[in-house]
Amino acid sequence: MEEQQMRKKIQANWNVIKTVKNAAIIPVLANGNIRHMDDVRECLEETDAKEVLSTETFLENPALFFGYWTAEWAWGVKK
């Protein structure tokens with residue numbers, strides 16, 4: 001449990017992803033700090049990655065890529 005909490009506090013460094021993307025000749029996927037669709041757009045803009053991945057958030061919010069925030073999907077709350 002403590003390890004999971006630590007991982008959530010660590011921020012992904014999208015600048016590193018962009019550096020890798022600029023150096024790579026294969027498609028690069030970004031992973032980290034994707035909590036909602038605004039993060040998807042921002043990450044793609046900042047990193048130039050081909051796509052994004054989101055595992056923990058997707059498990060919490062299966063409707064993430066339909067534009068829902070976790071609370072909206074789970075409890076019917078609209079922001």
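User: Why is Glu 60 called partly exposed?

Analyst: Glu 60 has a relative accessible area of 28%, and since buried means under 20%, exposed over 50% and partly exposed in between (1.4 Å probe, protein chains only), Glu 60 counts as partly exposed. This is a predicted model, in which local features need pLDDT of at least 70 and side-chain atom pairs count only at pLDDT 80 or more, while totals for chains, interfaces and linings use all residues. Residues are numbered from 1 along each chain as its sequence is written, and side-chain values use heavy atoms, with hydrogens and water left out.

User: What makes the contact of Glu 60 and Arg 35 a salt bridge?

Analyst: The term requires a side-chain nitrogen of Lys or Arg within 4 Å of a carboxyl oxygen of Asp or Glu, and the side chains of Glu 60 and Arg 35 meet at 3.0 Å, N to O. Glu 60 belongs to helix 4 (residues 56-60) and Arg 35 to the loop between strand 1 and helix 3, 25 residues apart, where helices (H or I, at least four residues) and strands (E, at least two) are DSSP runs numbered from the N terminus.

User: How do you know that Lys 18 and Asp 48 form a salt bridge, and which parts does the pair tie together?

Analyst: Their N to O distance is 3.5 Å, which is within the 4 Å limit, so the pair qualifies. Lys 18 lies in helix 2 (residues 14-23) and Asp 48 in the loop between helix 3 and strand 2, so parts 30 residues apart in sequence are tied together.
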